[in-house]
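Reader: Please take a close look at one part of this model, the place where the two chains meet. Then tell me how far the confidence scores go, and what the sheets look like.

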Amino acid sequence: MGLSVPAVAVLLVVLLCLDPHGRVGSAPICAHGSSGCHVPSLADLFDRVIQHSARMHSLSNDLHSEFEQYFLPSKNHIRKIYRKCHTSNILTPNGKENAQKLAREELTEVILKLLMAWRDPLFQLHQSMAHQQDFNSFSSNKALEMGDMAHELRKGVEKVAEKMRVLGMLGNSVTGLSAAEAMLPLSDSGEAMSDYELLYCFRRDSNKVQNYLKILKCRIVPEHDC
Amino acid sequence: IWCHLLALTRNQLHPPSRGPHFTGCRSREQETFRCWWSAGIFQNLTEPGTLRVFYQTKNALSEWQECPDYTHTVKNECYFNKTFTHIWTSYCIQLRSVRENITYDETCFTVENIVHPDPPIGLNWTLLNVSHSGLHFDILVRWAPPPSADVQMGWMSLMYQVQYRVRNASHWEMLDLESGTQQSIYGLHTDKEYEVRVRCKMSAFNNFGEFSDSILVHVAQIPSKESTFPTTLVLIFGVIGLVILLVLLIFSQQQRLMVIFLPPIPAPKIKGIDPELLKNGKLDQLNSLLSSQDMYKPDFYHEDPWVEFIQLDLDDPAEKNESSDTQHLLGLSRSGSSHVLHFKSDDDSGRASCYDPEIPNPEDLAALLPGHSGRGDNHPLVSRSSSSIPDLGVQQTSEVEETPIQTQPAVPSWVNMDFYAQVSDFTPAGGVVLSPGQLNSSPEKKKEEENEKKIPFQLVSDGAYTSENTARQLSADVPPSPGPEQGYQTFPTQAVEGNLWNGEYLVSTSDSQIPYLLPEAPPVPILPPVSGYTVVQEVDAQHSLLLNPPSSQPAICPHSPNKHLPAMPTMPMGYLTPDLLGNLTP
């Protein structure tokens, strides 16, 4: 055999890099009006987004449980510590009925606001978890994955909103999020929040996002007695 | 007052006996929730209204508010309806005794963390299949989500867990969480009653709800003896077949198995010749043994019919000093074709022997050397040329150093011991001195030959045959010459007979085998020379050995330059020409 193993490996890598099909990337969905192409419906888009948010929430729950298990031996018997998340300023509906009563545009905007607010804090969370010796590699990887998922979810929700706007389901009152909306995670005292607080807050907010999306879908896409 | 003291000392502890405390808060559908408390050991506080619940939502940092609804039907329960239930909001509730203004208990929570869904409903099962043996069966269990949970909209996404056990057993088998509303259970035994139940929880949360009511599963066993019968037969035949296969295997591989299990004990290794090797034809070890013990190499016997012939290297006469000859003479226990003295050309075979009746031409003598016909083969006989060929240092072959005869039990019996001589010394002139050897015995044999009446030097008619007799006679007639060189080497050429030429050597086994009678062979007293050896003086241009003794008569006889064996008429007395040798070769 003329080629040695490393040479073959290098060749494979080069081929993979050169081959456009070897790369995993996002291919654009069919252009408008092109035939023979399956354009995902709004319901499909909603399903994808909801699945994504469910996964994100599950990840946050796992991380929070791990943190509680290893760092807070005492169970949440009495949580006298009042945690104010940095997203507490965002007005969010507190219940199902409240969310159902909210307008679609506002609901969509709330979702986007929440997701936007967590972009930087999640990155900070991953950084601090990676540097700490207490966390194992799995936890820091989960935090990184969580941050990526939040980012992708935001993109997805934006696409859904765009689609809804195109379909005329959303009015034009939905404004884009400005950079000023992104807030730094500061607690009451102005100090940066600890990892546990971040995890607690994100777990709550991811659950909010998931439920809001479900309510929104139920209202946009009429399904069986939604 | 003593109640107060007790409460203070055991504040917020969970020993079995404690004061008023919350026993739990639960939400069933994530839209409302309830809290319960107990008065504890303070019996005097069990009256309704003495203990009150106050709550505070951390969301708005509001004040403490009293329980919006004390359930009338249930004792010590506070119910928060949808209006007062705020998801994702931290609640803190307190259990107070207003009269005494004592807070007995306080707890904080968020609603989504206290959600325990209601049990699923509509649990039923259907039979999937029964195994062939009729001993096992599989079922499919279905259920419906609790009606209180709004799963259609997805406000609550539930995960279900199915458990089953043999009826009235103590241990429940738990299956994995299922997000759907059905699950299969495999491997249940017929003729056993099973209980199946299911519960659910919110995905991504850890609070299971209550179990549903158990359902009973039972499948009667169908007695089918026929199904078991073939199985038994198949088993029996399978075992028999396996046994047969094993026996066949053992018998076919018997030898190898014997070797594996009963390895042969190695025989004791006796130093010496291994007869097994001889059987196998492996002569290498034998050769090494023999050579190491100064024994003759049997290869010479088996392979080369011709005696090694002596060749002298004539290219450089100057080289014919003692050392070279010595080396030649000494050295060469080479295989096969080694020879002591190298003649330049092998074409000197067939040299006519000298006609001189008196003095045999030493050159012819040399020509008589078998193998001189250019074969280049070494004849073992040459090396063993007997003492009757004293002049020829024929014996100065490779075997020169080896003690011939006496130490060779492997030597074939037809080798005449008398015909061997041993080189004892080398003259400075390059001659080889042969040891007296068995000369003494020869005269006896010579006497035997007297009857044969061989003319000492008149062997012409027979061509190059001589006998020891004649050799002796010849040597006797030779004028005494200085030195040990005496006589002539004649080939004990009674090799007329074919049997003498066993392809091995020229010398017959005994002189008595001399087949022919030389005419006019007056009995000549055999005078054994004092030393019947000659010294190879030199090699002439025709690659014949010049021997010392007939120094006065050097090479009288012209030797034919023919490269072939001379014809019969040119037979010198007592010499055997190589061509004659060739004729005699079997």
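Author: What follows covers the interface, then the sheets, then the confidence scores.

This is a predicted model, so to speak of local features a pLDDT of at least 70 is needed, side-chain atom pairs count only at pLDDT 80 or more, and totals for chains, interfaces and linings use all residues. Residues are numbered from 1 along each chain as its sequence is written, chains are lettered from A and ligands numbered from 1 in the order in which they are written, and side-chain values use heavy atoms, with hydrogens and water left out.

Start with the interface. Chain A brings 30 residues to the contact and chain B brings 28 residues. Contact here means heavy atoms within 4.5 Å. The size of an interface is often given as the accessible area lost when the parts come together. Between chain A and chain B the buried area is about 2500 Å². That is the accessible area (1.4 Å probe) that two parts lose on being put together, summed over both. Carbon and sulfur atoms give 49% of the buried area.

Three salt bridges cross from chain A to chain B. The rule asks for a side-chain nitrogen of Lys or Arg within 4 Å of a carboxyl oxygen of Asp or Glu. One pair is K96(A) with D150(B), whose closest N and O atoms are 2.7 Å apart.

On the side of chain A that touches chain B, α2 (42–71), α3 (96–101) and α7 (195–220) of chain A each supply at least two residues. α7(A) gives the most, with eleven residues. Helices (H or I, at least four residues) and strands (E, at least two) are DSSP runs, numbered from the N terminus. This side of chain A divides into eight nonpolar, 13 polar and nine charged residues. Ala, Val, Leu, Ile, Met, Phe, Trp, Tyr, Cys and Pro count as nonpolar, Asp, Glu, Lys and Arg as charged, and the others, Gly among them, as polar.

Next, the sheets of chain B. An open sheet of four strands runs β4-β3-β6-β7 (chain B), with antiparallel pairing. Two strands pair if DSSP finds at least two bridges between them. Its edge strands are β4 (65–66) and β7 (102–110) of chain B. β6 (residues 90–97) of chain B pairs with β7(B) over eight bridges. There, S90(B) has T110(B) as its bridge partner.

Another open sheet has the order β11-β10-β13-β14 (chain B), also antiparallel. β11 (173–174) and β14 (215–218) of chain B each have a single partner strand, so one side of each is left without a neighbour in the sheet. Two bridges join β10(B) to β11(B). Q163(B) stands opposite M174(B).

Last, confidence. The model scores ipTM 0.78 and pTM 0.52. pLDDT is the predictor's confidence in each residue, from 0 to 100. Chain A averages 79; chain B averages 67. Among the elements of chain B, strand β10 (residues 158–166) has the highest mean pLDDT, 95.
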